[in-house]
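Open the model in your viewer and keep the selection panel at hand. The tour below goes from one selection to the next.

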Amino acid sequence: MSRFPPFSRYETGAASARLRDLLVRLRMRMRDEAILDEAIARLATELNIRPGEAAEQLSRMAQHSGLELVEVAKGIERPPDEPRQTPDVPVWVNAMLDAVHASALYLTPVKDATGRVVDFLIAAANRHARTIAGQTASELAGRRLMAVSPGVAGSRLLDDYITVFETGEPVHREGLEFVEVLDYLRWPATLSVRAARVDDGLLVSWRTMDDEELLVSGWDRAQRLAELGWGEWNLATQRTLWTPQMYEMFGRDREQGPMALEDLPTVVVPEDLPVVEDQVRSLVEHREAVETEFRIQHRHGVRHLSVYSEPILDADGVPVKVRCLVQDVTKNRRRERALAVAHEQAHRQRQRAEEEHRVTVQLQDTIVPIRRGLIHLPGLTVGVRYLPGEELIRLGGDWFKARLIPDGRVLIAIGDAMGHGLTAASIMLQMRSGLAGLAYTQAPAGQLATWLNDLIVHSNEGITVTGTAIIGHFDPQDCTFRWTNAGHPAPLLIRDGRAAPIDGVQGMMLGAFDMTEYQMTTTRLQSGDVLLLYTDGVVERRGQDLEAGMEALLQAAHLCTDDDPEQMIACLLKRLGGEAAEDDVCVIAVRVL
């Protein structure tokens, strides 16, 4: 039983419909191209100019009329049939044409007023002459080439003919993909075309390649594209046959002829000689087909060859020939090596990232051991919540501080070290531990921020390290919060169920510049007020601007009015989706008693 489920009628029908639609669009495009090609040929014939100039003229007509190019092309009518010219040609011309056993024409130049060749007149045609569209010799003689075969312009054959006439150098185009255009229809064919100057005209012949030739030509192209070669060694006569691609793969000149089978080891990389010896032994002694791969020393470097070889046996079972199909797989092996290196580098990077994450988590746990809960301080109940980012690489440097200092005030601070991972965690350690030590000086918050900025700048010489913070002191004696803002999102004041940002002086982020001073803001609080401090992970979301995030926070704060600061934070994060935030989230809810 097949391990693949059967196709339903819907699946096959839908696939066929899509392909049919694709082909219909392609055929419509082909018709448009046919209209354009024929219009250009008609215009060139009417104005006695070259096809390129006619194409420019057609484009200008479309621009001036405001119509699509194809619509303008449809309006180019076929020039009226001029009386056929019956040029006198020497007797030898007809004799020459009769000697050609393919479609053949003798062309004479048609020139413009400046003497340039712009087209050719069909002076004579042999009895075999037949265009791709089916016009015969009797319909061709005495007419202009582009009038009977507009396809010569689009295929650039006309350019070749002009070059041959002007330079005298003959041309031979084998396997030319030619598309004739007549009555807005396209007639594709693969041709073998020859042209040569004879006296004051051109002898042009063409032949449609038959199926066998097309298959051979296609096989030649396939060999070049797939880098395939074929060879045969006659073991009795020592005669060797090689396709052209074999010479390229082995880096051998055609003049040298094919390489003898016994000479193959001379080009094989020494490490792969046992492979080649085993291959020949299997062919000659065991009479078995063999598939192998080995490396050879090419003039452009080492090449990897994949070889399928088989012995040809006579009636008595004796090997008389060896045939090989060879493919150059050097590019594949290089890609495989590059992919292996990339996988190894990715593996090492992943290991480093995992180790960094482990250290970062440990560092965060050491620095911020309290992730959630209530802290009871003089005149305040403080709810805290710290949530690391969902992704390992998004672990950031968010931190907070809420503690009593010796003069009776309460230090309240929140910050965010820029970046993610171990670097952010180490900067967070600097900021949080540095502030903890500086706070015992009992200096104002603005001075603490200045000192903390100097600490960050001078502790990371040569590296730009930045962060944001709000640092303040709550004084239970007069119920005031005196604070400074170092580039951090403004805190919210929730009073009587209404939430609004607190206007304060916005200072420069920490670590950006040396000798930075920070100004203070004094906010008077009253019993029941809630001061909400948070990091940017609360309001920033991918695909959403910051204003929308702030508006969502204000609405959530209006609805989350629980007296318990911890429950208030839980309500806020649930409404904002902060539990699954991509970045770190840190929130402090300070309720005044």
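A search of the whole structure, which is a predicted model, finds one disulfide. A disulfide is a covalent bond between the sulfur atoms of two cysteines. Select Cys 560 and Cys 571: these two form the disulfide, and their sulfur atoms are 2.0 Å apart. The angle about the S-S bond is -70°, and the link of Cys 560 and Cys 571 is left-handed. Cys 560 sits in the loop between helix H15 (546-559) and helix H16 (565-576), while Cys 571 belongs to helix H16, so the bond ties together parts that are 11 residues apart in sequence.

Now show the surface around this pair. Is Cys 560 buried or exposed? Cys 560 is buried, with a relative accessible area of 2%. Cys 571 has 23% and counts as partly exposed. Two further cysteines can be selected for their accessibility. Cys 479 counts as buried at 17%, because buried means under 20% relative accessible area. Cys 586 is buried too, at 0%.

Next, turn to the aromatic rings. The count of aromatic pairs comes to six. Select Trp 92 and Tyr 106, an edge-to-face pair with 6.3 Å from centre to centre and 75° between the planes. This pair links distant parts of the chain: Trp 92 is in helix H4 (residues 91-98) and Tyr 106 in strand E1 (residues 103-111), 14 residues apart. Trp 92 is partly exposed at 38% relative accessibility, whereas Tyr 106 is buried at 4%.

Move on to Phe 481 and Trp 483. Their rings are stacked, with 15° between the planes and 6.3 Å from centre to centre. Both Phe 481 and Trp 483 are buried.

For a group of rings, select Trp 233, Trp 242, Tyr 247 and Phe 250, which form one aromatic cluster. Then select Phe 165 together with Arg 197: the arginine lies over the face of the ring, at 4.1 Å from the ring centre.

The last stop is Thr 468, in strand E15 (residues 467-475). Its relative accessible area is 7%, so Thr 468 is buried. Which side chain makes a polar contact with the side chain of Thr 468? It is that of His 488, at 2.8 Å. Show the surroundings as well: leaving aside residues up to four places away in sequence, Thr 468 touches Ile 414, Gly 415, Asp 416, Met 418, Met 431, Ala 486, Gly 487, His 488 and Met 509.

How values were computed
Residues numbered from 1 in each chain as written. Predicted model: local features only at pLDDT ≥ 70, side-chain atom pairs only at ≥ 80, totals over all residues. Heavy atoms only, no water. Helix = DSSP H or I, 4+ residues; strand = E, 2+ residues; numbered from the N terminus. Buried < 20%, exposed > 50% of the residue type's maximum accessible area, 1.4 Å probe, protein only. Polar contact = N/O pair within 3.5 Å; in protein donor to acceptor, adjacent residues only side chain to side chain. Contact = heavy atoms within 4.5 Å. Phe/Tyr/Trp six-rings, centres within 6.5 Å; stacked < 30°, edge-to-face > 60°. Lys NZ or Arg CZ within 6 Å of the ring centre and 35° of its normal. Disulfide = S-S within 2.5 Å.
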